[in-house]
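Please find below a short note on the model under review.

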Amino acid sequence: MLTKAYSNNKTIGVLTASKNNLQKLQTDVCDITKISQCSCGMDGTYFYDVYVKNEVTDENTLDIKQLYIDLLNKAKELVDNHQDMSAIILECTNMSPFKLQLKQDLGLPVYDVNSLITYILNESI
């Protein structure tokens, strides 16, 4: 959907909770090779520890600020490594609450599963 909305010479980045899991899905199921070249996983971060390794299970101890800092840092890393970045997709549903703040801080369009649902609903009405 997004590759058709943006110019072919622009990159769409993917932020994912686990880059290894996303690459396995792309290779084994979807055979999407271009996106894998511009994806960034949350590996090695507090975000990864919380949502992939499930190390923090008590919502009262969840550090929301640190989750966002990790997400923003990885998003900036993705943009810095791909100067032609035109948009970012948040693959993990746990990233969605930070979508608007990321969009504001990065100055790029940011999409998530809610964006897809909204698009489908608008197109079907």
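Is Leu-121 buried, partly exposed or exposed?

1. Leu-121 is partly exposed, because its relative accessible area is 47%, which falls between the limits of 20% for buried and 50% for exposed. Leu-121 belongs to helix H6, residues 113-124. Together with Val-113 and Ile-117, Leu-121 forms a nonpolar patch on the surface, and the accessible area of the three together is about 240 Å². In general, residues three or four places apart on an α-helix point the same way, because there are 3.6 residues a turn.

2. The overall picture is as follows. The model is predicted. Its chain contains six helices and four strands, and the order of these elements from the N terminus is α-β-α-β-α-α-β-α-β-α. The chain has 125 residues, of which 37% count as buried. Among contacts with a separation of 6 or more, 63% are between residues 24 or more positions apart. The chain exposes about 7,800 Å², and carbon and sulfur atoms supply 50% of that area.

3. Helix H4 covers residues 64-81, and at 1.5 Å a residue its 18 residues should span 26 Å; the end C-alpha atoms are 26 Å apart, so the two values agree. At the start of H4, a side-chain oxygen of Asp-63 comes to within 3.3 Å of the backbone nitrogen of Lys-65.

4. The buried residues of H4 are Leu-67, Tyr-68, Asp-70, Leu-71, Leu-72, Lys-74, Ala-75 and Leu-78.

5. Met-42 sits in the loop between E2 and H3. Met-42 counts as buried because its relative accessible area is 0%, below the limit of 20%. Leaving aside residues up to four places away in sequence, Met-42 touches Thr-16, Ala-17, Phe-47, Tyr-48, Asp-70, Leu-71, Lys-74 and Met-95.

6. Asn-54 is not a glycine, yet it has a positive phi of about 55°. Most residues other than glycine have a negative phi. Asn-54 lies in the loop between H3 and H4. Asn-54 is classed as exposed because its relative accessible area is 52%, over the limit of 50%.

Methods: Residues numbered from 1 in each chain as written. Predicted model: local features only at pLDDT ≥ 70, side-chain atom pairs only at ≥ 80, totals over all residues. Heavy atoms only, no water. Helix = DSSP H or I, 4+ residues; strand = E, 2+ residues; numbered from the N terminus. Expected span 1.5 Å × (residues − 1). Buried < 20%, exposed > 50% of the residue type's maximum accessible area, 1.4 Å probe, protein only. Polar contact = N/O pair within 3.5 Å; in protein donor to acceptor, adjacent residues only side chain to side chain. Patch = residues over 30% accessible without salt bridge, like charges linked within 9 Å, V, L, I, M, F, W, Y side chains within 5 Å. Areas by Shrake-Rupley, 256 points an atom, 1.4 Å probe, with all protein chains shown as cover. Salt bridge = Lys/Arg side-chain N within 4 Å of Asp/Glu carboxyl O. Contact = heavy atoms within 4.5 Å.
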